There are 2 protein chains.
Amino acid sequence: MSLRNEILEVSRELLIERGFGKLSMRNIAKRANVTATSIYLHFDNKDDLLLALIDQSIEHLKEKLLAEIDSSKDLIRQLEDLARCYIQFALDHPKEYEIIYMVRPEEMPEYPKEKFQQIRSAYELLAEIIDKGRQKDLIDVENPVISAYTLWAQLHGVVSVILNKRLDTRIPQKEFIDQAIEHVIQGFIIQKTPA
Amino acid sequence: MSLRNEILEVSRELLIERGFGKLSMRNIAKRANVTATSIYLHFDNKDDLLLALIDQSIEHLKEKLLAEIDSSKDLIRQLEDLARCYIQFALDHPKEYEIIYMVRPEEMPEYPKEKFQQIRSAYELLAEIIDKGRQKDLIDVENPVISAYTLWAQLHGVVSVILNKRLDTRIPQKEFIDQAIEHVIQGFIIQKTPA
DNA sequence: CGTTTTCAGTTAACACTGTTAAGTTAACAG
DNA sequence: CTGTTAACTTAACAGTGTTAACTGAAAACG
């Protein structure tokens with residue numbers, strides 16, 4: 001295996017095992033049995049390495065979402081399944097999820113814009129389903145792409161509160177998630193106004 | 001003015017002017033015309049200082065929300081106003097908002113739990129309005145406190161995507177926000193099913 | 001008054017961080 | 001056998017949060 005991939009692999013291990021705070025160049029290097037400076041032969045800098053990790057995480061999430069889609073179910077149900085899948089991914093792989101939103105763009109002056117928008121291909125799964133629902137008058141949206149993005153954002157918020165441990169201790173996590181999904185999905189379905 | 005307050009003040013200045021990345025103990029100290037170690041006479045450590053800053057930010061946000069409530073308007077409208085106000089606060093004071101969710105609990109072993117749940121008193125504003133709406137059969141919730149929390153979380157998600165610059169460049173920010181608020185609020189109002 | 005204790009701040013240092021310039025070492029090309 | 005290239009290391013720089021030991025002045029006590 002190339003050293004580049006070795007570095008990516010041990011970085012992921014380290015991230016999951018010991019968290020973002022311990023993910024230093026020297027710790028990564030030690031685990032890969034090289035020196036820290038060797039990493040710079042394969043990555044521009046730490047942000048570049050993190051972006052590669054983010055890439056992998058998004059890919060991972062995308063796979064999970066893709067596997068969840070069951071076209072035989074009705075569209076609203078498909079949307080709810082995806083929402084649940086998204087949240088479950090974040091809970092199952094908290095560190096991998098967090099890193100996606102952890103690297104702060106304002107603090108790395110010249111990052112590749114398209115990298116962050118690579119997540120686009122993932123939320124386009126949502127956009128497709130929303131668009132189908134719109135055509136069948138099941139889902140109430142003007143622009144499926146924008147609505148897919150707001151859905152994505154809403155789910156991120158739900159996950160973010162849990163992962164950052166901001167959830168009120170009086171509120172059971174499961175109940176919070178169920179309620180959140182119910183509200184989120186309801187925000188998209190057509191209001192059946194009296195004829 | 002006490003040195004403690006002086007430190008808090010220049011910290012806030014520094015955060016706003018130069019961002020979280022430049023908010024180091026030595027930078028703070030320099031601006032307060034003391035040495036870095038003096039800060040430790042007034043705060044346990046950096047996290048403790050950050051928590052004090054977070055406290056102030058939450059208080060600031062709470063004030064804004066409180067000022068936004070207009071009881072003469074209908075409840076749905078009040079909820080929407082609060083949602084818009086929340087998002088606007090985050091856009092007007094991005095650094096102050098970000099710090100609220102930036103300090104990562106898993107990386108500070110023994111933080112005071114009640115600190116993070118101090119935000120509770122802020123979202124209880126939402127809970128109140130939701131509860132009133134429930135009593136008037138305008139809003140569809142089982143538990144106002146939990147639903148208020150899910151609303152809060154969703155708004156945080158919307159803001160988070162914008163502040164982290166994850167918003168697709170093809171999507172105008174204003175349109176994104178308007179759509180998000182529409183979906184979020186619709187997720188709470190009673191479905192007027194045919195009689 | 002003089003002495004002692006207390007308090008608020010400083011200096012120096014430790015162990016870490018990302019990152020760069022220069023040096024090494026081995027494989028390959030001519 | 002020599003020259004070049006590539007992969008890696010060593011040493012160092014400037015920065016980080018944090019601690020222990022020190023300084024000086026003010027307050028407390030006899």
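**Figure 1. Overview of chain A in the predicted model.** Of the 195 residues that make up chain A, 52% count as buried; buried means under 20% relative accessible area, exposed over 50%, and partly exposed in between (1.4 Å probe, protein chains only). Chain A contains ten helices and zero strands, and its pattern along the sequence reads α-α-α-α-α-α-α-α-α-α. Helices (H or I, at least four residues) and strands (E, at least two) are DSSP runs, numbered from the N terminus. Along the principal axes, the C-alpha atoms of chain A fill a box of roughly 70 × 40 × 35 Å. This is a predicted model, in which local features need pLDDT of at least 70 and side-chain atom pairs count only at pLDDT 80 or more, while totals for chains, interfaces and linings use all residues. Residues are numbered from 1 along each chain as its sequence is written, chains are lettered from A and ligands numbered from 1 in the order in which they are written, and side-chain values use heavy atoms, with hydrogens and water left out.

**Figure 2. A negative surface patch with residues from chains A and B.** The patch is formed by D140(A) and E142(A) together with E175(B) and E182(B). Patches are made of residues with over 30% relative accessible area and no salt bridge, with like charges joined within 9 Å and nonpolar side chains (Val, Leu, Ile, Met, Phe, Trp, Tyr) within 5 Å. A salt bridge is a side-chain nitrogen of Lys or Arg within 4 Å of a carboxyl oxygen of Asp or Glu. In chain B, helix α10 (residues 173–186) holds E175(B), which counts as partly exposed because its relative accessibility is 38%.

**Figure 3. The cysteines C85(A) and C85(B).** C85(A) counts as buried because its relative accessibility is 9%. C85(B) is likewise buried, with a relative accessible area of 11%. A search of the whole structure finds zero disulfides over all chains; a disulfide is a pair of cysteine sulfur atoms within 2.5 Å.

**Figure 4. R18(B) in helix α1 of chain B.** R18(B) belongs to helix α1 (residues 3–18) of chain B. The residue is exposed because its relative accessible area is 53%. V34(B) is 16 residues away from R18(B) along the chain, and their C-alpha atoms are separated by 19 Å.

**Figure 5. G187(B) in the segment after α10.** In chain B, G187(B) lies in the segment after α10. G187(B) is buried, since its relative accessible area is 0%. The C-alpha atoms of G187(B) and V141(B) are separated by 9.8 Å, although these residues are 46 residues apart along the chain.

Definitions and conventions: Accessible areas come from the Shrake-Rupley method with a 1.4 Å probe; for residues, only the protein chains shown count as cover. Lys and Arg count as positive and Asp and Glu as negative; His and the chain ends are not counted. The place of a charge is taken as NZ of Lys, CZ of Arg, CG of Asp or CD of Glu.
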